[in-house]
Amino acid sequence: MKIETVTAKVFRHRTGIVRDSDGHGHPGAESQTTSALLTITANTGASGHILTRAPDVSDAVLGRFVRPNLTGEDPLCTERLWYKVYKWQRLSGGLLTDRTLAAIDLALWDLKGKLAGQPVWKLIGGYRNKIPAYASTMCGDDLPGGLATPEDYAAFAEWCVKTRGYRAMKLHGWMPPMPGAPDPRKDYAACAAVREAVGPDIPLMLDPHHFYSRTDALWLANKLAALDFRWMEEPMEEASISAYKWLTRSTTLNILGPETMTGKHWTRAEWVRHGACDLIRAGVWDVGGLTPALKVANMAESFHMACEIHGTGAGNLSLACAIPNTSFYERGLLHPFLDYDAPAPYQNRIDDEMDAEGFVHPRAGSGLGQDIDMDYVEANLV
Ligand code: XYH
Ligand code: MG
């Protein structure tokens, strides 16, 4: 069996999310955008797919770094193929990103599942057939009745927990360019209001401004510890392991990371080695795919540490349901003005449907479990 083609189809669709000047998403006027469907096809006719961002799978990148390494290879050899492509990153001048590596790896795992007739979450471990989700809010905004005040966060938290059934919640605080941001005291006010609204038994977490000083981060950590928060993630630039080592040692609050730091499983091993966090973080799109993300989770387990998965989607859900040492699935980003449960135009179903008790269930079908509207993709090609 051999890989025959690696193709990407760019298609247009509507979106109700606008990006601010720092890149954070917020509800906004409907507009047109594009996404891409990456497909890897074997000579048996079987195909693996993953939805991603168009720049991740440009024809230039696929032609230069991917097709020469995959065409003619056995698609089941995911470890071998990951390394074949990954090694081209070093001299790619930054053109071959971790996101591209992740898209390739995820499409190969989807193909492997299709060939095996099994869901990927079972092929890689199958530890659980459901997982509690936490409601992961969008970053704070200045929209009246949105996430503009601590009271807004509290009201949304009540809806998430008492109406929609979420069993945990993570706030993203206010970040620049929002008025008054960054301000650890404003972040804390929202956290205190949410704790008051949901009561003492709901796990709460904070993902604040990502460039606080050590002293601001420590002040916030200690205040959240007093509110019995479960963890705080990425309060400072993650390139400074020593700053995180200092913070983790200085507070009783659990510090989670690294989320966005490059270096894949190698960096995360260093964070454990240096005591720079209490819980490890890995998302398939951050570390170059499911193949390296599994290595992060298994490494963390060896140190009796949780590996909390960053981000949503079929790849992260498969990972979260495969491993023993994780607590929640991050479902979001959520906002009072947006219906997260409504499929995107190119989906028949969202990847991460959640029941009324707050559990997300991975699918029983073969592959990653995506339910893509292929007719919509074909009808809206760019
Ligand atoms: O928009 O800064 C942000 C969020 O932090 C985003 O990067 C991501 O959804 C996240 O951190 N989730 O935990
Ligand atoms: Mg985060």
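With which side chain does the side chain of Arg-99 make a polar contact of 3.3 Å? In this predicted model, the partner is the side chain of Thr-52. A second polar contact, of 2.7 Å, links the Arg-99 side chain to that of Asp-56. Arg-99 belongs to helix α3. With a relative accessible area of 18%, Arg-99 is classed as buried, because the cut-off for that class is under 20%. When neighbours within four places in sequence are set aside, the contacts of Arg-99 are Thr-52, Arg-53, Asp-56 and Trp-285.

Nonpolar side chains tend to be buried together in soluble globular proteins. Beyond its neighbours within four places in sequence, Ile-280 is in contact with a set of residues that includes Leu-256, Gly-257, Pro-258, Trp-271, Val-272 and Val-296. Arg-268 and Glu-308 are also among the contacts of Ile-280.

The surroundings of ligand 1 were considered next. The residues around the ligand are His-24, Cys-139, Lys-170, His-172, Asp-207, His-210, Glu-233, Glu-259, Arg-281, His-310, Glu-330 and Leu-333. Sorted by class, this shell consists of six charged, four polar and two nonpolar residues. Oxygen atoms of ligand 1 are approached by polar side-chain atoms of His-210 at 2.8 Å, of Glu-330 at 2.9 Å and of Glu-233 at 3.0 Å. On its own, ligand 1 has 330 Å² of accessible area, of which the protein covers 82%. Two or more residues of the shell are supplied by each of the strands β5 (169-172) and β11 (329-334).

The loop between β5 and α6 (184-198) contains Pro-176. Pro-176 and His-209 are separated by 33 residues in sequence, yet their C-alpha atoms are 7.9 Å apart. His-209 is among the contacts of Pro-176 outside four places in sequence, as are Asp-20, Asp-22, His-24, Ala-181 and Pro-182. Pro-182 lies in the loop between β5 and α6 as well, and the peptide bond that joins Ala-181 to Pro-182 is cis, with omega near 5°. A cis peptide bond also runs from Gly-257 to Pro-258, here with omega near -5°. Pro-258 is placed in the loop between β8 (255-257) and α9 (264-273).

Positive phi values were found in residues other than glycine. For Glu-234, phi is near 50°, and the residue sits in the loop between β7 (231-233) and α8 (241-250). Glu-234 is buried, because its relative accessibility is 7% and the limit is under 20%. For His-304, phi is near 55°. The loop between α11 (290-302) and β10 (307-309) holds His-304, which counts as exposed because its relative accessibility of 78% is over 50%.

Notes. Residues numbered from 1 in each chain as written. Chains lettered and ligands numbered in written order. Predicted model: local features only at pLDDT ≥ 70, side-chain atom pairs only at ≥ 80, totals over all residues. Heavy atoms only, no water. Near = heavy atom within 4 Å. Polar contact = N/O pair within 3.5 Å; in protein donor to acceptor, adjacent residues only side chain to side chain. Areas by Shrake-Rupley, 256 points an atom, 1.4 Å probe, with all protein chains shown as cover. Helix = DSSP H or I, 4+ residues; strand = E, 2+ residues; numbered from the N terminus. Nonpolar A, V, L, I, M, F, W, Y, C, P; charged D, E, K, R; others polar. Contact = heavy atoms within 4.5 Å. Buried < 20%, exposed > 50% of the residue type's maximum accessible area, 1.4 Å probe, protein only.
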